[in-house]
There are 2 protein chains.
Amino acid sequence: MTEQKATNVHWHEGEISREDRDRLMNQRGATLWFTGLSGSGKSTIAVALEEALFERGHLSYRLDGDNIRLGINKNLGFSADDRTENIRRIGEIAKLFVDSSVIALTSFISPYREDRDKVRALHEEAGMPFIEVFVDCSLDEAEKRDPKGLYKKARAGEIKNFTGIDDPYEAPEKAEIHLHTDQMSLQEEVDLLLAYLTQHNILPA
Amino acid sequence: MTEQKATNVHWHEGEISREDRDRLMNQRGATLWFTGLSGSGKSTIAVALEEALFERGHLSYRLDGDNIRLGINKNLGFSADDRTENIRRIGEIAKLFVDSSVIALTSFISPYREDRDKVRALHEEAGMPFIEVFVDCSLDEAEKRDPKGLYKKARAGEIKNFTGIDDPYEAPEKAEIHLHTDQMSLQEEVDLLLAYLTQHNILPA
């Protein structure tokens, strides 16, 4: 990063572009869209990838229930319409981060294929990388882990329309990356993601 | 920015924090909230500041009508409720950028004091810098400039509820920065903003 005296500023023609920012950041903005059952490991992988990127000097940002459902989407519930609007807004926000040259890591169950495909289309129309990461784990295994006790509540009928129990999870058919979290170590998963990002010029070689 | 081999990754305790990111970026995330009449010069100043920051190696990102009204807020109109929701969402998105260590530059008329103060509160509750920049220009001058021909349409009754004509602009009472755009050059404005950011440790000294 270079320093300059204020008096040395010279005005460019036009505005700073995404390409300019990518050059500054030595990375390309991209969305990694982690999708999978509750308990499949989406957040664990996103946190580990965030750290691996940080260690290499790269900026990523995680969007998850904590900063979305309690913030911009706090006026949305869990009706079908609200779930669709939830994913739409997250997709639009991820796109803004991509445009800013940050690597966006989104961790949401996002069970419906149509909603995910709309977010993909939003990115692709703008020429922005969208990398769907299927965090695949059997329902049995996810329910065994049950880190938040949600499956137990869903089985007891205390939570309705819970994905995998009484609401469907539509697995991706064309995910860029398919992680079998019950067969791979976290390190292997992160290595695979880093290799993908390098091969696709999101990260420098 | 440093490179490391994938096999050298070591897992931290806990997650990457905002402070970690600020260190990586050599800047602090912050929101500069430009408010003022249509034609007052909000976007011009934001574009110039973005470039001056870029020249110094700093990452900022502009949120404006182009990427917000056509994206995440395309399902909002111009009713009182929708205007309030428009500003609320922009505030929440700016806050996410601050958390990611990016300097967010927002350019919206944002005429209502209550709406702006809510965004300020959102930031301050989270310990995030919120810098309100009053882009002050007389209605006469803004209407003379009329870069988009909107005042003409509003005077002709073709646009209703236009700020300054038949809808109020509530000037900030406690803006961190007050720019009289009809008395300062663009260069002076940018220099003033950069000095403020440095004095307040958003940018390194």
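Me: Hi! What pattern does chain A follow, read along the sequence?
Reply: Hi! Chain A reads α-β-α-β-α-α-β-α-β-α-α-β-α along its sequence. Helices here are DSSP runs of H or I with at least four residues, strands are runs of E with at least two, and both are numbered from the N terminus. Before we go on: this is a predicted model, where local features need pLDDT of at least 70, side-chain atom pairs count only at pLDDT 80 or more, and totals for chains, interfaces and linings use all residues. Residues are numbered from 1 along each chain as its sequence is written, while chains are lettered from A and ligands numbered from 1 in the order in which they are written.

Me: How many helices and strands are there in chain A?
Reply: Chain A has eight helices and five strands.

Me: And why does chain A count as compact as a globular protein of that length?
Reply: Because its radius of gyration is 19 Å, close to the 17 Å that the globule rule gives for 205 residues. That radius is taken over C-alpha atoms, and the rule is 2.2 Å times the number of residues to the power 0.38. Along its principal axes, the C-alpha trace of chain A spans about 65 × 35 × 30 Å.

Me: Let's zoom in. Is strand β4 of chain A mostly covered or uncovered?
Reply: Mostly covered: seven of the seven residues in β4(A), 130–136, are buried. Buried means that 20 or more other C-beta atoms lie within 10 Å of a residue's own; 12 or fewer makes it exposed, anything in between partly exposed, with C-beta atoms placed from the backbone.

Me: Which residues are on which side of β4(A)?
Reply: F130(A), E132(A), F134(A) and D136(A) are on one side, with I131(A), V133(A) and V135(A) on the other. In a regular strand the side chains alternate between the two faces of the sheet.

Me: Which strands are joined to β4(A)?
Reply: Strand β1 (residues 30–35) of chain A is joined to β4(A) by five bridges, running parallel, and L32(A) stands opposite I131(A) there. Strand β5 (residues 177–180) of chain A is joined by four bridges, also parallel, and V133(A) has I177(A) as its bridge partner. Two strands pair if DSSP finds at least two bridges between them.

Me: Switching to chain B: what is the order of the strands in its sheet?
Reply: The open sheet of five strands runs β2-β3-β1-β4-β5 in chain B, with parallel pairing. Its edge strands are β2 (60–63) and β5 (177–180) of chain B, each pairing on one side only.

Me: What does β2(B) pair with?
Reply: β2(B) pairs with strand β3 (residues 103–107) of chain B over four bridges, in the parallel sense. In that pairing, Y61(B) has A104(B) as its bridge partner.

Me: How many residues of chain A are in contact with chain B?
Reply: 41 residues of chain A are in contact with 41 residues of chain B. Contact means that the C-beta atoms of two residues, placed from the backbone, lie within 7 Å.

Me: Which element gives the most to that side of chain A?
Reply: α2(A) does, with seven residues.

Me: What about L96(A), where is its place?
Reply: L96(A) is in helix α4 (residues 80–99) of chain A. L96(A) counts as buried because it has 21 C-beta neighbours inside 10 Å. Not counting residues up to four places away in sequence, L96(A) touches N67(B) and I93(B).
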